[in-house]
Amino acid sequence: MGSFLDESALTVAAANELNSPLVLLRQLGLIVGSDDISDEERRRLGQQLTLTSERALRLVANLNMTAVSPQLVPLEAINPVSICQQVIHELAPLFVAHDQMITLQPRTRVPLLVGNRQLLQRILLSFGDNALHYGSATQPVHLSITSHGDRVRIGVRDYGPAVPNDMWQRLDGRVARRAQAPLGNRPHTSGVGLIAAKRLAELMDSVVGTIRHHDGATFYIDLRVSGQMSLL
């Protein structure tokens with residue numbers, strides 16, 4: 001994952017970022033334990049506790065995996081439609097709880113890609129977490145799969161505020177300075193999560209990037225096309 005300084009700086013940034021969800025979990029736990037709330041409210045708060053803790057655990061798990069040696073990351077042929085469906089299935093309860101939707105753009109034919117299923121799923125979950133507050137009923141967050149030459153791109157499209165052109169450099173710089181790494185006018189976005197996703201992609205010899213739209217952004221990962229047959 002780089003030098004010791006890089007690791008320690010990312011750890012400090014992660015600790016800063018995890019402070020907010022931990023405080024929220026404590027507050028929710030105190031409310032759930034009180035006697036003057038209804039069963040329905042207790043159920044709703046219990047669901048919020050679960051979903052908040054799952055997001056925090058995903059970030060921690062991603063950070064842990066960035067320390068894995070590339071030599072220990074097995075690669076295989078992966079069906080991109082299948083993994084996108086798994087990601088949507090896992091994120092759907094979180095999106096529903098926030099009155100949001102996450103969908104997959106239909107494709108009639110896509111090639112298999114080469115990657116590590118666990119790492120790829122974690123990267124897409126991170127992108128989905130970050131897009132949570134940036135969709136609507138008429139413009140839901142969606143995953144897309146495209147192929148160009150020997151590359152397959154999986155993107156997560158949202159409709160939030162604009163992202164800076166030098167976003168990745170800014171995030172790396174803030175982490176190096178042991179500062180919190182928010183994404184400017186996207187306060188709900190995990191800067192540490194994006195940096196972890198970037199490093200997980202590097203373990204698979206792939207790259208992540210961002211496309212700026214006039215009404216949002218697409219966070220994507222590019223992976224190599226597999227030599228196996230395409231899927232119908």
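**View 1. Helix α2 passes helix α4 in a left-handed crossing.** A crossing is called left-handed if the near helix is turned anticlockwise from the far one by less than a right angle, and right-handed if clockwise. The model is predicted: local features need pLDDT of at least 70, side-chain atom pairs count only at pLDDT 80 or more, and totals for chains, interfaces and linings use all residues. Residues are numbered from 1 along each chain as its sequence is written, and side-chain values use heavy atoms, with hydrogens and water left out. Helices (H or I, at least four residues) and strands (E, at least two) are DSSP runs, numbered from the N terminus.

The axes of α2 (residues 39-65) and α4 (residues 117-131) cross at roughly 135° and come within 10 Å. Axes here are lines fitted to C-alpha atoms, for helices over the stretch in contact, and angles run from 0 to 180 degrees between N-to-C directions. The angle makes α2 oblique to α4; under 35 degrees counts as roughly parallel, over 145 as roughly antiparallel, 65 to 115 as roughly perpendicular and the rest as oblique.

**View 2. Residues in the contact of α2 with α4.** From α2, R55, R58, A61, N62 and M65 meet Q118, L119, R122, L125, S126, D129 and N130 of α4. Contact means heavy atoms within 4.5 Å. Four of these residues are nonpolar, four polar and four charged. Ala, Val, Leu, Ile, Met, Phe, Trp, Tyr, Cys and Pro count as nonpolar, Asp, Glu, Lys and Arg as charged, and the others, Gly among them, as polar.

**View 3. The salt bridge of R153 with D222.** The structure holds four salt bridges, each a side-chain nitrogen of Lys or Arg within 4 Å of a carboxyl oxygen of Asp or Glu. In this pair the closest N and O atoms are 2.7 Å apart. R153 lies in strand β5 (residues 151-158) and D222 in strand β7 (residues 216-225), so the pair ties together parts that are 69 residues apart in sequence. R153 is partly exposed, at 23% relative accessible area, whereas D222 is buried, at 12%. Buried means under 20% relative accessible area, exposed over 50%, and partly exposed in between (1.4 Å probe, protein chains only).

**View 4. The salt bridge of R186 with D158.** The N to O distance is 2.8 Å. R186 sits in the loop between α5 (167-176) and α6 (191-203), and D158 in strand β5, 28 residues apart. R186 is buried, with a relative accessible area of 0%, and D158 is buried at 1%.

**View 5. The salt bridge of R170 with D166.** Here the N to O distance is 2.9 Å. D166 is partly exposed, at 32% relative accessibility.
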